[in-house]
Amino acid sequence: MSRALSLLAGAALGCALALPAAAQDAPKGDAANGKKIYLADGCYFCHGRVGQGGAYNGPAPVLAKTEMPFEGFKGQLRQPAQDMPAYSEAVMSDQQIADIYAFVQSLPGRRDPKSIAILNN
């Protein structure tokens, strides 16, 4: 009984550890090309030039160092919520989305306010 319970616990732990890693797997993207696409397609109008977010037509989320897994990011581009335009495969390939994802992941994320000197005076 102890061996069966041990095997079951090991299998459950293995599955639990594998899920977050699989969710973060993204196709290899080219951040430089992603930046070109991000700027050419006007993503920066709402999300800012460095993915800082904004409020062009309502609040637009921060994209720099997004914690959203690639599949969720791609899903948002394909079938967006709110006012964001949809980007079908005919308009933007999965590789182009991977490039944009690589670009936003390469951007500096949010800083801890304590690391900003003027905010600590």
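How many disulfides does a search of the whole structure find? The search finds 0 disulfides, a disulfide being a pair of cysteine sulfur atoms within 2.5 Å. This is a predicted model: local features need pLDDT of at least 70, side-chain atom pairs count only at pLDDT 80 or more, and totals for chains, interfaces and linings use all residues. Residues are numbered from 1 along each chain as its sequence is written, and side-chain values use heavy atoms, with hydrogens and water left out.

**Overall fold**
- The protein chain has 5 helices and 0 strands; helices (H or I, at least four residues) and strands (E, at least two) are DSSP runs, numbered from the N terminus.
- Along the sequence the pattern reads α-α-α-α-α.
- Of the 121 residues in the protein chain, 24% are buried. Buried means under 20% relative accessible area, exposed over 50%, and partly exposed in between (1.4 Å probe, protein chains only).
- Among contacts in the protein chain with a separation of 6 or more, 59% join residues 24 or more positions apart. Contact means heavy atoms within 4.5 Å.

**Packing of α2 and α5**
- Helix α2 (residues 31-40) and helix α5 (residues 94-106) have axes that come within 7 Å and cross at roughly 100°. Axes are lines fitted to C-alpha atoms, for helices over the stretch in contact, and angles run from 0 to 180 degrees between N-to-C directions.
- α2 and α5 are therefore roughly perpendicular to each other, a label for angles of 65 to 115 degrees.
- On the α2 side, A31, N33, G34, K35, I37 and Y38 take part; they meet Q96, D99, I100, A102, F103, V104 and S106 in α5.
- By class, this contact of α2 with α5 has 7 nonpolar, 4 polar and 2 charged residues. Ala, Val, Leu, Ile, Met, Phe, Trp, Tyr, Cys and Pro count as nonpolar, Asp, Glu, Lys and Arg as charged, and the others, Gly among them, as polar.

**Cysteines**
- The sulfur of C46 lies 8.9 Å from the closest cysteine sulfur, in C43, which is too far for a bond.
- C43 counts as buried at 13% relative accessibility, while C46 counts as partly exposed at 27%.

**L77 in α4**
- L77 lies in helix α4 (residues 70-78) and counts as buried at 6% relative accessibility.
- Leaving aside neighbours within four places in sequence, L77 is in contact with M84, P85, A86, Y87 and I97.

Note on methods
Parallel < 35°, antiparallel > 145°, perpendicular 65-115°, else oblique.
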